[in-house]
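Please look at the sequence and the structure first.

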Amino acid sequence: MPKLKNVSKKTMTPTRPYVLRAFYDWIVDNHCTPHIVINAKFPGASVPENYIDEEGQIVLNISPIAVKGLELGDKTIEFHAMFGGSSYHIIAPVFAIVAIYAKENGRGMVFDDGEEVGPTPAEVEEDISDEEGGDSDGG
């Protein structure tokens, strides 16, 4: 593999939100039913507690006919869904998503717990310093 010259140290945003949106579109475009598996114990996750399994996960149908107001954002997936006749506002941080797959054939993606989690605060500070054009001694 050739060596790359002048490779930037710039931190990039996490890929998971983009991958989730791509798989969602792919599953729906193929007339299948997208389901997500959420780690309900993840900080910021808001799901109906009565439907969480023994492993602390919940599987949800996020097809266009099953949910309302679906937002596949960069930090969270949010929507409204009915459970036992009651409406719930579901919030799933993208890093709480364990998997996305098509119900009909199981095709999709399982995410690794150790996968990217975004830049650390120190990396963000370094990026800001680099963008401002120098270090603390004015150079």
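## Confidence of the model

Over residues 135-139 the pLDDT stays under 50, and the model gives this stretch 2 contacts beyond four places in sequence. The structure is a predicted model, and where pLDDT is low, the predicted coordinates should not be read in detail.

For the protein chain, the average pLDDT is 85, and 76% of the residues score at least 70. Residues 118-125 have a pLDDT below 50, with 5 contacts in the model beyond near neighbours in sequence.

## Overall make-up

The protein chain contains 2 helices and 7 strands. Read from the N terminus, its elements follow the order α-β-β-β-β-β-β-β-α.

Of the 139 residues in the protein chain, 27% are buried. Its accessible surface is about 9600 Å², and carbon and sulfur atoms hold 52% of that area. Among contacts with a separation of 6 or more, 55% join residues 24 or more positions apart.

## The four-stranded sheet

An open sheet is built from 4 strands in the order β2-β1-β6-β7, with antiparallel pairing. At its edges stand β2 (57-61) and β7 (108-110); each has a single partner strand, so one side of each has no neighbour in the sheet. From one strand to the next, the twist averages 20°.

Strand β1 (residues 34-39) pairs with β2 in the antiparallel sense, over 5 bridges. Within this pairing, Ile38 has Ile58 of β2 as its bridge partner. Helix α1 lies across β1, β6 (97-102) and β7, and runs at about 20° to β6.

Leu60 belongs to strand β2. Is this residue, Leu60, buried or exposed? Leu60 has a relative accessible area of 4% and is buried, because the cut-off for buried is under 20%.

Which residues touch Leu60, leaving aside neighbours within four places in sequence? The contacts of Leu60 are Pro34, His35, Ile36, Ile38, Phe79, Phe83 and Ile90. Pro34 is 26 residues from Leu60 along the chain, and the C-alpha atoms of the two are 8.5 Å apart. Pro34, Ile36 and Ile38, all in contact with Leu60, fall within the range of β1, residues 34-39. Phe79 and Phe83, also in contact with Leu60, fall within strand β4, residues 76-83.

One of the bridge pairs is Leu72 with Ile77 in β4.

## The salt bridge

How many salt bridges does a search of the whole structure find? The search finds 1. This salt bridge is formed by Asp74 and Arg21, whose closest N and O atoms are 3.0 Å apart. Asp74 is in the loop between β3 and β4, while Arg21 is in helix α1 (residues 16-29), so the pair ties together parts that lie 53 residues apart in sequence.

Side chains of opposite charge can pair when their charged atoms come close. Asp74 is partly exposed, at 46% relative accessibility. Arg21 also counts as partly exposed, with a relative accessible area of 21%.

Definitions and conventions:
Residues numbered from 1 in each chain as written. Predicted model: local features only at pLDDT ≥ 70, side-chain atom pairs only at ≥ 80, totals over all residues. Heavy atoms only, no water. Pairing = 2+ DSSP bridges. Salt bridge = Lys/Arg side-chain N within 4 Å of Asp/Glu carboxyl O. Buried < 20%, exposed > 50% of the residue type's maximum accessible area, 1.4 Å probe, protein only. Axes fitted to C-alpha atoms, helices over the stretch in contact; angles between N-to-C directions. Contact = heavy atoms within 4.5 Å. pLDDT = per-residue confidence, 0-100. Areas by Shrake-Rupley, 256 points an atom, 1.4 Å probe, with all protein chains shown as cover.
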